[in-house]
Every structure is written in C-alpha cells, then in structure tokens.
Amino acid sequence: MDQIDKIKESFDIDIVTVKNTSDLEQLRVKYVGRKGLVTNAFSLIKDIPNQDKPKFGAELNKCKNYIENLLTEKKNGFGESSQSKDALDLSLPGRKQFFGRKHPLIQVEDQIKDIFRSFGFSVEDGPEIETDYYNFEALNIPKSHPARAMQDTLYITEDIVLRTHTSPVQIRVMENTPPPIRIIAPGRVYRRDTPDATHSPFFHQVEGLVVSDTVTFADLKGIIQAFAHRMFGKDAKVRFRPSFFPFTEPSAEYDVWFNGKWMEISGCGMVHPNVFRAVKIDPQKYSGYAFGMGIDRIAMLKYNVRDIRLFFENDLRFLQQF
Ligand code: DAH
C-alpha cells in the first residue's frame, strides 16, 4: 500500500513539470507503460497474502485510473498549438514567397516619366471623366467638326464623356499656369472600340506640352528623337509624317524604328492659335508644341508583344515575364 502511495506522490510531482506532449509521453511510459511503475506493481500481487489481494488490486487500479485520467486531461489541455509545435519538421523545404511587382504598362509609364523629368518636364494629371469642352471644344474641335468622328467617344451625357485622349490636360494646365510650360500628362483614355490585337476600349497615353516665347518645330523633333534614344537605345530611329490634328498646326504623326520595324507612336505638332485663344494665351507672343504617346504601343514595341489584350487579361504567366 505504501508503494502505491509513493507512485502516486511521485506522479503528482512529475506531472507539474510536463511542458509538452513529448514530456507527457515520457510520463505515460514511466508509469503506465509496459514496464511502467504501475504495471510492475501489478506483478507484486502474487506475493501478497490472499485475503489482502482484492484490496491491493482495487487500490492499484484506482491509482492507475487516476494517472491515466490526469495524463489524458493534460494532453487535451495542450490542444493544437503545442501539438503543431511538436510537429515542426525542420527538414521540410521553406515556402516560396511570391512578391508583387509593377504591371508592365506602369513600368513603361514610369520610364517615360523618368526620361521626361530628366529633360526638365513636370508630370501633371487630369480627370478621366471629362466635359465635352475640355475633350473637344477647347482643343479646336467644335461640335460640327468632322474630326470628332475620328474618336469613338463614350458619352455619359451629351456634355460629359470618358476622355478619348490626354490632350484635355493641355487645356487644364494652360488655364492655370502662365508660360513657360513644360509638362507631360500620363493616364488612361477610353474609346468605343471593338477589342482586337491592336485595339482596346481603354488604353494609355502620355500628353506632352511645351509653351514659351521661343519654341519651334525643331525643338519638338529634337525632344522626340532624344526620347526615342533614351527609351529604345541609340539605334532607334524616328520619322515624322505630315498629318492633321485640329489642335496643332502644322501636325505630324511619328513612328519609331526598333527591332526591325516601324511602329506608329502618336501625333504631334505646333499648338494651334485657337487653342491658345481658348486659354487666353496670346498666340502672337507665345508658341508651343504638343505631342501624344501611346504607352501600350511603346510597351508592345519594346517587349515585342503582338496583342494589346494580353496587358489586360491579368494572366500571371504573361505578367511574370516583366
Ligand atoms: N490626342 C491625339 C490622339 O489621341 C494625339 C495627339 C496628336 C496629341 C497631336 C497631341 C498632338 O498633343 O499634338 O489621337
């Protein structure tokens, strides 16, 4: 009987030092395992006088139940957290981290901004929901003008449109800033186009505008050329083709030669006197040049992407390449 008491006492001391499930397992083995203290005590029964056997057996069983109950209680108390700590397998390879990154079009936009900042331009912003006045009227495109047919406008009301180009930012800047002006304005534009390899109902442009008392068409050509060299390397060539835009006179379209082909980038020209008049800048005193740029086109040219829709499908197999 003393022995049984000793086992219980020693168990009571051991159980408070248990910190995790493996300590607990050691205790289980020590007391109720195959060669445990309780198990061994059962083998004493044969040496005990017959009349004492039932009492001893009952006491030992009580002790065994006591120990087993406490072990189970403790085990449940550890719950999952200590189990998963015990289950930590240091030999497993680590989990790979996936980092996000900038979309290729934003990367190109950032490069364009960097290049023009280094030329002394500042970066401006304008609303994507525009009024008819800024998108057309002030840019010398009156209601009846056939040039409106060039741009498949998404109208919200008769007077409010999703901007079809970034050119309205020219007007907003000139209204608020006296010359000299040297800005670019990148952003998203919208047109009622059916998507195909080279068309998307929204795409990205950068507007450029320089106004001072001295600028000429030669400055315009120089800046486009310098930009092309910075963007595409010194072998890139630029060509200008006569064209028409209501807000510039003369106007041109320009292409860049890169990777063995010409790619049309956008239009440019000298700011039309009517545009200056709309923002109350004296066309006799000031001159200016303006240019557009298709960011998506530049990205397609630079990365040799043949379908503009790939940029907007959000397919990681495509995006991860950049
Ligand atoms: N806004 C024109 C377009 O979206 C592009 C453009 C042409 C911009 C000539 C200009 C410019 O600033 O001078 O098609």
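This is a predicted model: local features need pLDDT of at least 70, side-chain atom pairs count only at pLDDT 80 or more; totals for chains, interfaces and linings use all residues.
A residue is called buried when its relative accessible area is under 20%, and exposed when that area is over 50%, with partly exposed residues in between.

The protein is divided into domain 1, covering residues 2-87, and domain 2, covering residues 104-319. Between the C-alpha centres of domain 1 and domain 2 there is a distance of 83 Å. Histidine 103 sits in the loop between α4 (53-86) and α5 (104-118). With a relative accessible area of 24%, histidine 103 counts as partly exposed, because that value falls between the 20% and 50% limits. Histidine 103 and glycine 36 are separated by 67 residues in sequence, and their C-alpha atoms are 66 Å apart in space.

Helix α1 (residues 2-16) comes next. Its 15 residues should span 21 Å at 1.5 Å a residue, and the end C-alpha atoms are 22 Å apart, which agrees. Ile4, Ile7, Phe11, Asp14 and Ile15 are the buried residues of α1. Viewed down the axis of α1, these buried residues fall within an arc of 90°, so they line one face of the helix. The face turned away from that buried side carries the exposed residues Asp2, Lys6, Glu9, Ile13 and Val16.

Helix α2 (residues 21-32) can be read in a similar manner. This helix has twelve residues and reaches 16 Å from its first C-alpha to its last, close to the 16 Å expected at 1.5 Å a residue. The buried residues in α2 are Thr21, Leu24, Leu27, Tyr31 and Val32. Together they cover an arc of only 110° around the axis, which puts them on the same side of α2.

From its first C-alpha to its last, α5 reaches 21 Å, close to the 21 Å expected at 1.5 Å a residue. Its buried residues are Pro104, Leu105, Val108, Glu109, Ile112, Lys113, Ile115 and Phe116. Just after α5, glycine 120 takes a positive phi of about 95°.

The ligand is surrounded by 17 residues, and the closest are His165, Ser167, Arg191, Gln205 and Glu207. A polar side-chain atom of glutamate 207 lies 2.6 Å from an oxygen atom of the ligand, while a polar side-chain atom of glutamine 205 lies 2.9 Å from an oxygen atom of the ligand. The backbone takes part as well: a polar backbone atom of phenylalanine 291 is 3.3 Å from an oxygen atom of the ligand. Taken alone, the ligand exposes 350 Å², and the protein buries 94% of that.

Several loops and strands hold backbone details worth a look. Serine 200 belongs to the loop between β5 (181-190) and β6 (202-212). Its relative accessible area is 5%, so serine 200 is buried. The side chain of serine 200 reaches the backbone oxygen of phenylalanine 202 at 2.5 Å. Two cis peptide bonds can also be described. One runs from proline 179 to proline 180, with omega near 5°, and proline 180 is placed in the loop between α7 (168-176) and β5. Another joins glutamate 249 and proline 250, with omega about 0°; here proline 250 lies in strand β8 (residues 248-258).

Asparagine 259, in the loop between β8 and β9 (261-271), has a phi near 55°. Lysine 280 has a positive phi of about 60° although it is not a glycine. This lysine 280 is found in the loop between α9 (273-278) and β10 (287-294). Because its relative accessible area is 76%, lysine 280 is exposed.

Terms used. Residues are numbered from 1 along each chain as its sequence is written. Side-chain values use heavy atoms; hydrogens and water are left out. Domain bounds come from an automatic or database domain assignment. Helices (H or I, at least four residues) and strands (E, at least two) are DSSP runs, numbered from the N terminus. The expected span of a helix is 1.5 Å times one less than its number of residues. Buried means under 20% relative accessible area, exposed over 50%, partly exposed in between (1.4 Å probe, protein chains only). The arc is that of the directions from the helix axis to the C-beta atoms. A residue is near a molecule or strand if one of its heavy atoms lies within 4 Å of it. A polar contact is a pair of N or O atoms within 3.5 Å; within protein, one must be able to donate a hydrogen and the other to accept it, and residues adjacent in sequence count only if both atoms are side-chain atoms. Accessible areas come from the Shrake-Rupley method with a 1.4 Å probe; for residues, only the protein chains shown count as cover.
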